[in-house]
Amino acid sequence: MGSLGPPELLIVLVIVLLLFGGRKLPELSRSIGTSIKEFRKATDDDEETTEDRPRVSPPSKEV
């Protein structure tokens, strides 16, 4: 299964345009961009907090 090429992307864009209409597309793309930015910020914050935590080794198994 390959990635999407230009013809497939064009078909997807036409379907999105038909579903949401021309007036809703800027609002939809703006909200998607904001969501992506918030997601990236949250994952960056999470990576910073996990790096600050002390590393704990797993408990040893005694037989």
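Ile15 lies in helix H1. Helices (H or I, at least four residues) and strands (E, at least two) are DSSP runs, numbered from the N terminus. This is a predicted model, in which local features need pLDDT of at least 70, side-chain atom pairs count only at pLDDT 80 or more, and totals for chains, interfaces and linings use all residues. Residues are numbered from 1 along each chain as its sequence is written, and side-chain values use heavy atoms, with hydrogens and water left out.

**Exercise 1.** Classify Ile15 and Val16 as buried, partly exposed or exposed.

*Solution.* 
- Step 1. Buried means under 20% relative accessible area, exposed over 50%, and partly exposed in between (1.4 Å probe, protein chains only).
- Step 2. Ile15 has 44% relative accessibility, so it counts as partly exposed.
- Step 3. Val16 has 26%, so Val16 is partly exposed too.
- Step 4. List its contacts (heavy atoms within 4.5 Å). Leaving out residues up to four places away in sequence, Val16 touches Gly21 and Leu25.
- Step 5. Now take the whole chain: buried residues make up 2% of its 63 residues.

**Exercise 2.** Find the salt bridge and describe its two partners.

*Solution.* 
- Step 1. Side chains of opposite charge can pair when their charged atoms come close.
- Step 2. A salt bridge is a side-chain nitrogen of Lys or Arg within 4 Å of a carboxyl oxygen of Asp or Glu.
- Step 3. Searching the whole structure gives 1 salt bridge.
- Step 4. Lys24 pairs with Glu27, and their closest N and O atoms are 3.8 Å apart.
- Step 5. Lys24 has a relative accessible area of 44%, so it is partly exposed. Glu27, at 47%, is partly exposed.
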